[in-house]
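Here is a short tour of one protein chain, written for reading alongside the model itself. Please keep the viewer open and follow the headings in order.

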Amino acid sequence: MNYSHEVERMCVLKKGPNHGPAPIPEEGKWVKAYEIKDISGLTHGVGWCAPQQGTCKLTLNVKDGIIEEALVETIGCSGMTHSAAMAAEILPGKTILEALNTDLVCDAINVAMRELFLQIVYGRTQTAFSEGGLPIGAGLEDLGKGLRSQVGTIFSTKAKGVRYLEMAEGYILELAVDEDNEVCGYKFVRVGKMLEDIRRGVDPKTAFEKNIGTYGRFEGYKHIDPREE
């Protein structure tokens with residue numbers, strides 16, 4: 001190691017406090033992290049691209065510094081879906097430091113990885129105080145039945161008001177409008193469960209009707225098609 005002339009001329013003074021890094025909460029333990037392998041935890045975070053055309057929600061399950069599970073969800077840009085496919089192949093098996101310095105194909109996914117890295121190494125994971133953390137595969141629980149991302153798509157204008165297009169429950173078929181001309185409920189179809197039924201041999205029309213539901217005050221009110229009216 002090379003030292004400057006000024007440092008070479010300095011006298012040696014003994015170092016005082018040397019208590020190491022502050023402990024961080026990790027899966028029910030307090031850990032002093034000296035190396036990447038000291039890091040564990042499951043957490044979620046979001047990232048966005050420079051032109052802010054789309055965003056990524058990334059879920060990582062890290063055990064002993066290694067990414068064991070990754071869930072990559074994107075919205076807003078068609079190319080991001082293919083980037084997510086590649087990133088999901090790249091991430092598992094890498095250390096979080098490797099992943100931070102790997103091109104994950106899409107800016108939004110790279111930014112999400114950066115944000116998650118900060119959460120994980122500072123002990124701000126969702127499993128910080130959960131003994132043993134969560135098993136590999138826990139990320140899928142976020143998707144629920146049908147294993148589809150929860151998407152909300154709502155459009156509105158000053159001239160014509162709001163149109164619900166998709167909610168957590170599913171694809172919106174009709175809106176219910178009350179006497180004040182305000183939305184008071186909606187009818188939806190659970191797309192994931194409907195497709196599962198069709199895949200198992202149920203007649204498509206039967207599968208569609210079987211997975212229709214309503215929310216709020218729907219019956220007894222005026223109904224409109226949000227995509228046509």
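Predicted model: local features only at pLDDT ≥ 70, side-chain atom pairs only at ≥ 80, totals over all residues.

## Helix 5 and its cover

In an α-helix, residues three or four places apart point the same way, because each turn takes 3.6 residues.

Just past the end of helix 5, have a look at the backbone of G201, where phi is positive, at about 105°.

## Aromatic pairs and a charge over a ring

How many aromatic pairs does the model hold? The count comes to four. One of them joins W30 and F129: their ring centres are 6.1 Å apart and the planes meet at 65°, which is over the 60 degrees needed, so this pair is edge-to-face. The two partners come from distant parts of the chain, 99 residues apart, with W30 in strand 2 (residues 29–31) and F129 in the loop between helix 4 (107–121) and strand 6 (153–157). Are these two residues buried or exposed? Both W30 and F129 are exposed.

Elsewhere, Y164, Y186, F188 and Y215 are joined into a cluster by ring pairs. Another ring to find is that of Y171, which has the charged end of R227 sitting over it, 3.9 Å from the ring centre.

## The largest pocket

The largest pocket has a volume of about 370 Å³. Its lining is made up of 18 residues, and K57, V72, E73, T74 and S149 are the closest to the pocket centre. Strand 4 (55–63), strand 5 (66–75) and helix 2 (78–90) are the elements that each give two or more residues to this lining.

Which element supplies the largest share of the lining? That is strand 5, with six residues. By residue type, the lining of the largest pocket divides into ten nonpolar, five polar and three charged residues.

Our last stop is L100, which lies in helix 3 (residues 96–100). With a relative accessible area of 31%, L100 falls between the 20% and 50% limits and therefore counts as partly exposed.

Leaving aside residues up to four places away in sequence, L100 touches M113, R114 and F117. For a sense of scale, L100 and V111 are eleven residues apart in sequence, and their C-alpha atoms are 9.1 Å apart in space.

How values were computed
Residues numbered from 1 in each chain as written. Heavy atoms only, no water. Phe/Tyr/Trp six-rings, centres within 6.5 Å; stacked < 30°, edge-to-face > 60°. Helix = DSSP H or I, 4+ residues; strand = E, 2+ residues; numbered from the N terminus. Buried < 20%, exposed > 50% of the residue type's maximum accessible area, 1.4 Å probe, protein only. Lys NZ or Arg CZ within 6 Å of the ring centre and 35° of its normal. 1 Å grid on protein atoms, 1.4 Å probe; cavity = no way out; pocket = protein on both sides within 12 Å on 5 of 7 lines; lining within 4 Å. Points joined across faces, edges and corners; volume = space filled by probe spheres on them. Nonpolar A, V, L, I, M, F, W, Y, C, P; charged D, E, K, R; others polar. Contact = heavy atoms within 4.5 Å.
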